[in-house]
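Thanks for making time this morning; I would like to walk you through one structure, slowly. Please have a look at it first, and then I will start.

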Amino acid sequence: MEKQYRLRKNGQFRYVYKKGKGGACREMSVGFVKAPKLLVGFSVSKKIGNAVTRNKVRRRLREAFRAELPRLRRGLYVVTARDAAAEADFARLSQSLRYLLRKQGLYRDDVK
């Protein structure tokens with residue numbers, strides 16, 4: 001994913017956690033707040049595993065989210081991995097992400 005879409009500041013993450021609407025499934029949770037620009041951040045806790053596992057999960061989530069970027073509404077997104085994300089393959093993470101985005105109505109056309 002391109003750097004222009006990344007959420008970096010701790011204050012931005014806290015803002016999404018505090019003011020945002022969210023949804024969750026077995027592998028992850030997604031928080032969202034309306035904003036003029038589309039930015040996304042990924043959070044993978046040390047509970048998930050060692051650094052190699054956390055980075056692998058983060059890379060997979062980033063790639064799954066990148067595929068959905070053109071169809072999403074503008075706003076701040078925070079994707080938080082859960083324990084099951086460590087064992088899930090890319091296809092399962094991608095499917096779960098699409099499910100959560102559709103469930104919350106975050107696609108621009110609200111069709112998919």
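Predicted model: local features only at pLDDT ≥ 70, side-chain atom pairs only at ≥ 80, totals over all residues.

Where helix 2 and helix 3 meet, the residues on the helix 2 side are Arg 60, Leu 61, Glu 63, Ala 64, Phe 65 and Glu 68, and those on the helix 3 side are Phe 90, Leu 93, Ser 94, Leu 97, Arg 98 and Leu 101. The residues of this contact divide into seven nonpolar, one polar and four charged.

How are the two helices arranged? Helix 2 and helix 3 pack at an angle of about 50 degrees, and their axes are 9 Å apart; the two helices are therefore oblique to each other, and their crossing is right-handed.

Let me turn to the core. The largest nonpolar core has 27 residues, and those with the most contacts inside it are Met 28, Leu 61, Phe 65, Tyr 77, Val 79, Leu 97 and Leu 101. Two or more residues of this core come from each of strand 2, strand 3, helix 2, strand 4 and helix 3. Leaving aside residues up to four places away in sequence, Met 28 touches several residues, among them Leu 61, Val 79, Leu 93 and Leu 97. There is also a second, separate core of eight residues, including Leu 7, Val 16, Leu 39 and Leu 76.

Finally, Arg 58 has its place in helix 2 and is partly exposed, with a relative accessible area of 21%. Beyond residues up to four places away in sequence, Arg 58 touches Phe 42 and Val 44; Arg 58 and Phe 42 are 16 residues apart in sequence, and 6.8 Å apart in space from C-alpha to C-alpha.

Methods:
Residues numbered from 1 in each chain as written. Heavy atoms only, no water. Core = buried A, V, L, I, M, F, W, Y, C linked by side-chain atoms within 4.5 Å. Buried < 20%, exposed > 50% of the residue type's maximum accessible area, 1.4 Å probe, protein only. Helix = DSSP H or I, 4+ residues; strand = E, 2+ residues; numbered from the N terminus. Contact = heavy atoms within 4.5 Å. Axes fitted to C-alpha atoms, helices over the stretch in contact; angles between N-to-C directions. Parallel < 35°, antiparallel > 145°, perpendicular 65-115°, else oblique. Left-handed = near helix turned anticlockwise from the far one by under 90°. Nonpolar A, V, L, I, M, F, W, Y, C, P; charged D, E, K, R; others polar.
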